[in-house]
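Work through each exercise with the structure in view, then check your steps against the solution.

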Amino acid sequence: MNPTIELLKSHRSIRKFTEQKISHELLLELIRAGQSAATSSHVQAYSVIHVKNPANRKKIAELAGGQAYVADASDFLVFCADMKRPTEASESTGANVVRGMTEQLLVASVDTALMAQNVAVAAESEGLGICYIGGIRNDPQAVSDLLGLPEHVYPVFGMCLGYPAQTPDIKPRLPVEAILKEDYYDEDHEQVAAFDDTMQRYYSERSGGTKDTNWSKNLTPLFDTKLRPHMRDFLIERGFKMK
C-alpha cells in the first residue's frame with residue numbers, strides 16, 4: 001500500500017460541511033488537477049460551471065430533489081460534457097465538421113467523468129469532502145437554462161465541495177472477485193449473494209437495526225421503472241443526434 005492507494009480506498013460521500021470556505025487558489029489547483037486527467041485524443045471535451053450565486057445554488061438543490069448540501073457546501077461545481085469548444089475549434093481550421101455523433105456524446109461524457117474524478121481525489125488529498133450530485137439530471141433543461149448552457153453542452157453531474165463536518169463509514173464495495181474477470185466474462189452470483197449479506201449488516205449497523213435491506217434490493221428503484229426517460233430527448237435537443 002502507499003498513501004495514494006489508501007486515499008482512494010478511503011473515499012466516502014460527504015453531505016455535511018463546516019462553514020470554512022475553500023480558498024480560490026486551492027479551487028483553481030483542483031481544477032488544474034482535473035485537467036491533467038486522461039482525455040480522448042486531447043479533445044478535453046468538458047467545461048465546469050462554478051455556481052456561486054446563492055439563489056442559483058438553492059434552485060439547483062431543489063431541482064436535484066431537495067439536496068440541501070448543494071446550497072450549504074463551500075463550493076458547488078457542475079461538470080458539463082462540452083462538444084461545442086472542440087468542434088468549433090476544428091471548424092475554425094476549415095474542417096467540414098460533423099456534429100451530434102453518438103461517439104462524440106460518449107467521448108465528452110467519459111472525458112468529463114475522468115476530469116471530475118481527478119478533482120475529487122485532489123480535493124480529498126487536501127482534507128476536503130465531496131459529494132457527486134447526479135440529481136441535476138432530474139431536470140437537465142432547467143439546469144441548462146439556469147447556467148446558460150449552449151447547444152452541444154450538457155450537465156453530467158454536480159459536485160459539492162467543502163470541509164467535512166461528518167465522518168461517515170466507508171461503504172463496502174463488491175468483492176474484487178466479482179469485478180475482475182480472467183480472460184472471459186463469467187457469472188458472479190455467489191459473490192453478489194455474499195455482498196448482499198455484507199450490505200445487510202452494514203445498513204443494519206448504520207441504522208441501529210431499523211434498515212432492513214441489501215445491495216440487490218436497493219437497486220430496485222433504478223431498474224423497475226424507466227429512470228429519467230427524458231434524457232434521450234433532452235440530449236437530442238442539445239444537439240447530440242445519436243447518429
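**Exercise 1.** In this predicted model, is R32 buried, partly exposed or exposed?

*Solution.* Start with the value: R32 has a relative accessibility of 44%. Next, recall the cut-offs: buried means under 20% and exposed means over 50%. The value for R32 lies in between, so R32 is partly exposed.

**Exercise 2.** Find the salt-bridge partner of R32 and work out where the two residues sit.

*Solution.* First, look for a carboxyl oxygen within 4 Å of a side-chain nitrogen of R32. Then locate the pair: both residues belong to helix α2, which covers residues 24-35. They are three residues apart there, so about one helical turn separates them. Finally, check the accessibility of E29: at 46%, E29 is partly exposed.

**Exercise 3.** Which residue forms a salt bridge with R99, and how accessible are the two partners?

*Solution.* The partner is E91, with 2.9 Å between the closest N and O atoms. R99 has a relative accessibility of 22%, which makes it partly exposed. E91 is partly exposed too, at 37%.

**Exercise 4.** Starting from K181, trace the network of salt bridges that share partners.

*Solution.* Begin with the bridge from K181 to D186, where the closest N and O atoms are 3.4 Å apart. D186 is partly exposed, with a relative accessible area of 41%.

**Exercise 5.** How many salt bridges does the structure hold?

*Solution.* The count is seven.

Terms used:
Residues numbered from 1 in each chain as written. Predicted model: local features only at pLDDT ≥ 70, side-chain atom pairs only at ≥ 80, totals over all residues. Heavy atoms only, no water. Buried < 20%, exposed > 50% of the residue type's maximum accessible area, 1.4 Å probe, protein only.
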